[in-house]
Amino acid sequence: MTLLLKNVRLETGYSYDQSFVTATETKIVDILIENGRFVEIAPTIQASAAVVVDAKEQLLVPSFKEMHTHIDKTYFGGEWKAPSPATEGIFTRFKEEAILLPQQLEVAEERAHGMVQHYIKHGHTHIRTHVNVDPHIKTKHMEIAKRVLESYQDRITYEIVAFPQHGVLRNGPEFLTILEEALGMGATHIGGVDPALVDRNSGEVLKTTFALAEKYDVGIDIHLHEQNTLGEFEIHQILNEIELRSFNKEVTLSHAFAFADLPQQSLDNLIDRVAANHVRVTTTVPIGAGSITIPVKYMVDRGVKVSFGHDSLMDHWSPFGSGDTIHKLNRFVQRFSYIDEWHIGRSLKYATGGITPLNEDGEQQWPKVGDAANALLVDAVSSAHLIARQCPISTVISKGNIIHEEEIELKGEFR
């Protein structure tokens, strides 16, 4: 498909008052897309065979990546139901899932489709989903998630984490056979959750997890809710395995609450070691009791790659997920009191896999000819405006094709 975007707003630089960024400069251009890539960017382009879209001076920004969700177990698309109190913490949820997940199998596929479509509407062209592998539903969720995501492969890219939600060792050696079956079904990562708390054998769980990752040539994405020194210990254990094995596949720490409540020297040592081993971190930017919001920008400035995810949209764990990443970014900048153009605008990178239209010095770096054409048209005049005012998306472009569009009232800078 050849797509010609007319009258597109692109960010080109910053306006300064001495050293302080006061505004983002933009220009209006035409953009030609062919074979899934940007092939020409110019003041005016003519292409007789192209599908022409008048952007009406809307801003073009990189599309979003959902880096942590669970499309396989959700109430989304069903009747409203709030979670029950977790009187035994995470083990309350395990007991619920033993009953709930088999009951939900008949609606799981329909609801997974609903979640994927919701994510697309909200600007996501990539989804990483954790998919339960446990003694109760075995690999049934893997079958469903794989089937659902494959039906969208012409529109989005995706990753599937085989997720032993109920532990790796506590369910007996026969469970490892089930987990290996799931890994052989097309998983891109193996997951895990709080090895010290759930399995009470952190070292053995991590050895098993890394061994399986090596055997099936997949990455690792582990949920770590453990805080303070226990969480710190767990992360160092993971780093030990990486260094011992010279493990070169991607490793991600999801949640990683320990980064939120460690003494400064311990925090710095941990962050520097995580960065040196190229370990990524994904956060939902949680706000709640205790210190659980990790210092995102501080970690990124010291070399750690951090991305955002929504976790769940609505399920037996939480009723608050929205799938709206613009809202997520807005909550983030409010949580850290970022009110200026530079800090707000630079925060876009946490939702896009690190891609921003401008670099830190205000030099244009996206889009360039040859880049993959995954982008959004939004009724905003800068990335900062988009996030602060939660401006709407009119058009979602993935692999050079329009995969979602809707009519919105255009208000531009007055929104």
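The chat below covers the pockets, then the helix pairs.

Q: What kind of model is this, and what pLDDT do local features need?
A: This is a predicted model: local features need pLDDT of at least 70, side-chain atom pairs count only at pLDDT 80 or more, and totals for chains, interfaces and linings use all residues. Residues are numbered from 1 along each chain as its sequence is written, and side-chain values use heavy atoms, with hydrogens and water left out.

Q: How much space lies in the largest pocket?
A: About 970 Å³. A pocket here is an open set of points on a 1 Å grid over the protein atoms alone, where a 1.4 Å probe fits, with protein on both sides within 12 Å along at least five of seven lines. The volume is the space filled by probe spheres set on the points, which are joined across faces, edges and corners.

Q: Which residues are closest to its centre?
A: His 255, Phe 257, Asp 311, Trp 317 and Ser 318. The lining of the largest pocket has 33 residues; a lining residue has an atom within 4 Å of a point.

Q: Which helix gives the most to that lining?
A: α9, with three residues. α9 spans 325-335, and α1 (90-121) also supplies at least two. Helices are DSSP runs of H or I, at least four residues, and strands are runs of E, at least two, numbered from the N terminus.

Q: How do the residues of that lining divide?
A: Eleven nonpolar, 15 polar and seven charged. Ala, Val, Leu, Ile, Met, Phe, Trp, Tyr, Cys and Pro count as nonpolar, Asp, Glu, Lys and Arg as charged, and the others, Gly among them, as polar.

Q: And the second largest pocket, what lies nearest its centre?
A: Arg 280, Lys 305, Val 306, Gly 353 and Gly 354, out of 23 lining residues. The space is about 430 Å³.

Q: Which strands supply at least two residues there?
A: β6 (64-69), β7 (124-132), β12 (280-283) and β13 (306-308). β12 has the largest share, three residues. By class, that lining has six nonpolar, eight polar and nine charged residues.

Q: New topic. At what angle do α1 and α2 pack?
A: About 20 degrees, with axes 10 Å apart. Axes are lines fitted to C-alpha atoms over the stretch in contact, and angles run from 0 to 180 degrees between N-to-C directions. That makes α1 roughly parallel to α2. Under 35 degrees counts as roughly parallel, over 145 as roughly antiparallel, 65 to 115 as roughly perpendicular, the rest as oblique.

Q: Is the crossing left-handed or right-handed?
A: α1 passes α2 in a right-handed crossing. Right-handed means the near helix is turned clockwise from the far one by less than a right angle, and left-handed means anticlockwise.

Q: What about α6 and α7, which way do they cross?
A: Left-handed. Helix α6 (residues 228-245) and helix α7 (residues 264-276) pack at about 30 degrees, axes 11 Å apart. They are therefore roughly parallel.

Q: Which residues make the contact?
A: From α6, Glu 232, Ile 235, His 236, Leu 239, Asn 240 and Glu 243; from α7, Ser 266, Leu 270, Arg 273 and Val 274. Contact means heavy atoms within 4.5 Å.

Q: Last pair: at what angle do α5 and α6 pack?
A: About 40 degrees, axes 10 Å apart. α5 and α6 are therefore oblique to each other. α5 passes α6 in a right-handed crossing.
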